[in-house]
Each structure stands twice: as structure tokens, then as C-alpha cells.
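Welcome! Here is a friendly walk through a few features of the model shown below.

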Amino acid sequence: MTTWMSWPLVRYVLMGARHDRIILSIFVAIGLACALSIFLGSAAVVEKPEFAFVYMAASLRNLGAFGLMIFIVFFFRRAMDNRDVDFLLSRPVSRACFLISHVVGFAIIAVAIAALVFGAITIFGWRGWQPGFLLWGGSYAIELLCVMMVSLFFSVMLRSASSATFACLAFYILCRLLGQISGILAHKSDIDISHGVLNGIMQSVMLFLPRLDLLGQTSWLLYGPVAGTPYTFLLVHGCVFMALVFCAMTADFVRRQF
């Protein structure tokens, strides 16, 4: 055991994932999503493989994110309700170490899910070496890490698994729609002053929310990377967001009375 992280706690999280069979469930869901995507793509008049590939990438992206957040929320809330957290904190481990260990364990699971999804996408849509595939896979891993951190945050902050799940879903949908919301408000702000105020508020909020709408773009898989996309900014922004969420979660968890 180290002073800042406990490997037994990391193994505890991974054992919980094995007990819940989250990886196996995602693997089966990936197979069903691929079959459904092929069926829907066959209904297209032209470019049937491309349509099936687009359906598959979009469905697998959402599937991995939803599966990860549901697993984390119910795993942590079950540990809280069964007093497993009380028992673990009675051991010689600090609360910050407890959270860091869970973050590391959940991060391993998130990367494993991203690897499964990326593997399915690569196998189905392989057309030779495409840099867009690696870019999509890396950005999707960052997206799942952000989802992991937010899911753990709401699991710590909220006492109900259902409310924490709905909060995670609302947050994920909001981050996926940031670009569309900002574009609508920016267009309307030229006409109405109230929309200009809303646009300013939304631009301020977007400074603290991850731009998931710019990650995992399906166009990267079909046409490759797009020049001018701020890839470095998206990476740094995601890391800063996760650090802020972890600090807020740790501050609440340390002060909480059990």
C-alpha cells in the first residue's frame, strides 16, 4: 500500500467489475449493436457499408458511456448501502487514498471498454491504415474517463442510485449538445438581447464542461482528421475538468460524516 493509492482497493474495484460481468455484458452488447447496425445499413439505397459503419460507431459510443456510468453508480451506491465503504475506511487508508484508488480502478475499466469498442470499430471498418481511427479511439477513451469521473462524483454526492444515474445522463447529454446549443444561442443573440445574455452564460458554462461533442466524431473514421481541430486543447481541457471534479468530490467526501 502506498501513501496515495491502495492497490488492494484497486483490485476490489476490478473484482466488483468481474462479479458484475460488466466487460462481458459490454462485449455481448457490442455484438448485438453491430448486428443491428448491419441490418439498418442494409436498408440504405447507396453506400450501405458506410451507413452501417456510422450507425455502429454512434451506437457503440453511447453504449459504452451508458454502461460505464450505470456500473459505477450502482457499484458505489451498493457499497455505501451495504456499509462496505465504512469497513474499508476503518482500515489504515485515508479518504483521499480511497477515492484515488477507486478512480484508478474505474479508469482501468473505462479504458478496457474503450478498447473493446475501438476493436469492434477497427475490425468492422478497417480499410488500411487510417489515422482517424486512432484519433477516434484516443478521444473516446478521454470521453469515457470524463464520464467515469462524473459518475463517481454524482455517486458520492447523491444518496440515491437512480437520481445519480439520471444526473449522469443529463450531464452527458448536455455535454454532447454543447455545440448545438451554443450555435443556436449565438445565432439568436443577433436578434434578441435575452438570447445574447443566455449565449454569454452558456459560453461561461462551457469553460468548465468537457466538449464531448468534439470528441469521437464519426467523420474521423470516414474521412480522417480535420485540419484546424484543437486536439491539444480538448485533451488539456478534459484533464483539467477531471482534476476539478476530483477536487470537488474529495472536498465533500473528506468532510462527510459516516
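## Before we start

Axes are lines fitted to C-alpha atoms, for helices over the stretch in contact, and angles run from 0 to 180 degrees between N-to-C directions. Helices (H or I, at least four residues) are DSSP runs numbered from the N terminus.

This is a predicted model, in which local features need pLDDT of at least 70 and side-chain atom pairs count only at pLDDT 80 or more, while totals for chains, interfaces and linings use all residues. Residues are numbered from 1 along each chain as its sequence is written, and side-chain values use heavy atoms, with hydrogens and water left out.

## Helix 3 beside helix 6

Let's begin with helix 3 (residues 48-81) and helix 6 (residues 131-157), whose axes come within 9 Å and cross at roughly 25°. The two are therefore roughly parallel to each other, a label for angles under 35 degrees. Their crossing is right-handed, meaning that the near helix is turned clockwise from the far one by less than a right angle.

Contact here means heavy atoms within 4.5 Å. Among the residues that make it are Phe-53, Leu-60 and Arg-77 of helix 3, and Trp-136, Glu-143 and Val-156 of helix 6. The residues of this contact divide into 17 nonpolar, 3 polar and 3 charged. In that count, Ala, Val, Leu, Ile, Met, Phe, Trp, Tyr, Cys and Pro are nonpolar, Asp, Glu, Lys and Arg are charged, and the others, Gly among them, are polar.

## Helix 6 meets helix 7

Helix 6 also has a contact with helix 7 (residues 161-176): the axes come within 9 Å and cross at roughly 145°. This crossing is right-handed. The contact divides into 8 nonpolar, 2 polar and 2 charged residues.

Is Ile-30 buried or exposed? Ile-30, in helix 2 (residues 22-41), is buried, with a relative accessible area of 7%; buried means under 20%, exposed over 50% and partly exposed in between (1.4 Å probe, protein chains only). Not counting residues up to four places away in sequence, Ile-30 touches Leu-60, Leu-63, Leu-116, Val-117 and Ala-120. Ile-30 and Val-117 are 87 residues apart in sequence and 7.3 Å apart in space, C-alpha to C-alpha.

Now look at Thr-232 in helix 11 (residues 231-255). Thr-232 counts as exposed, at 59% relative accessibility.

Note on methods. Parallel < 35°, antiparallel > 145°, perpendicular 65-115°, else oblique.
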